[in-house]
Amino acid sequence: MIKLYGGARSRATIVRWYLEELDAPYEFVLLDMQAGEHLKPEFLEINPIGKVPAIEDGDFKLWESGAILLYLAHKYARMPESLTEQATIIQWVLFANATLGPGIFVEATREREKDRLLAPLNAILASQPYMLGDRFGVVDVAVGSILAYIPIMLQLDLSDYPAVVKYIEGIQARPAYQKAMQGR
């Protein structure tokens, strides 16, 4: 069984959401970040950087939410056979963590990046229900989690992006998302 390590209000919620979507068995280990449990030697053996989320799957240890999402997609046979399709999925997961998240949540870049990031996403989502078409997948967890955090954490006006708003509402209505967020 996978052990998922996280803190209250951490990106572990993203991994938890995907585990719920996969209906995969897991144990959630809540670390008291205020007390420094993430800096204790036993956790640093799992993630020497001392950050969450991190997982243990038997003897295998992995950290960084995007890497964990991709690992889970492979483990539970949610990755396509085609190398080009896999690369597209990897591209979007990296985009969520490296471009979308910082572009929206770093105040210094938000004004400059908001339209540049959200307008193309709005165009994509105006023509299809999910990021890669008609089926929900790991890309929707990666990108969708960042987008779903916007109304929770920021007071951004998203009225220029109606398809993004509809997508966020759909993401937040998913039972697995709601279950993962309850533990937040």
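Me: At what angle do helix α5 and helix α7 pack, and what is their relative orientation?

Reply: In this predicted model, local features need pLDDT of at least 70, side-chain atom pairs count only at pLDDT 80 or more, and totals for chains, interfaces and linings use all residues. Residues are numbered from 1 along each chain as its sequence is written, and side-chain values use heavy atoms, leaving out hydrogens and water. Helices α5 (residues 107-127) and α7 (residues 162-173), with axes 7 Å apart, pack at about 70°. Because angles of 65 to 115 degrees count as such, α5 and α7 are roughly perpendicular.

Me: Which residues of α7 make the contact with α5?

Reply: Contact means heavy atoms within 4.5 Å. On the α5 side, Leu118, Leu121, Asn122, Leu125 and Ala126 take part. Their partners on α7 are Pro162, Ala163, Val164 and Tyr167.

Me: How many residues of the contact of α5 with α7 are nonpolar?

Reply: Ala, Val, Leu, Ile, Met, Phe, Trp, Tyr, Cys and Pro count as nonpolar, Asp, Glu, Lys and Arg as charged, and the others, Gly among them, as polar. The contact has no charged residue and 1 polar one. The nonpolar residues number 8.

Me: Which helix supplies the largest share of the lining of the second largest cavity?

Reply: A cavity is a set of points on a 1 Å grid over the protein atoms alone where a 1.4 Å probe fits but cannot get out, and lining residues have an atom within 4 Å of a point. Thr13, Ile14, Trp17, Ser145, Tyr149, Tyr177 and Met181 form this lining. At least two residues come from each of α1 (12-22), α6 (138-153) and α8 (175-182). The largest share, 3 residues, belongs to α1.

Notes. Axes fitted to C-alpha atoms, helices over the stretch in contact; angles between N-to-C directions. Helix = DSSP H or I, 4+ residues; strand = E, 2+ residues; numbered from the N terminus. Parallel < 35°, antiparallel > 145°, perpendicular 65-115°, else oblique. 1 Å grid on protein atoms, 1.4 Å probe; cavity = no way out; pocket = protein on both sides within 12 Å on 5 of 7 lines; lining within 4 Å.
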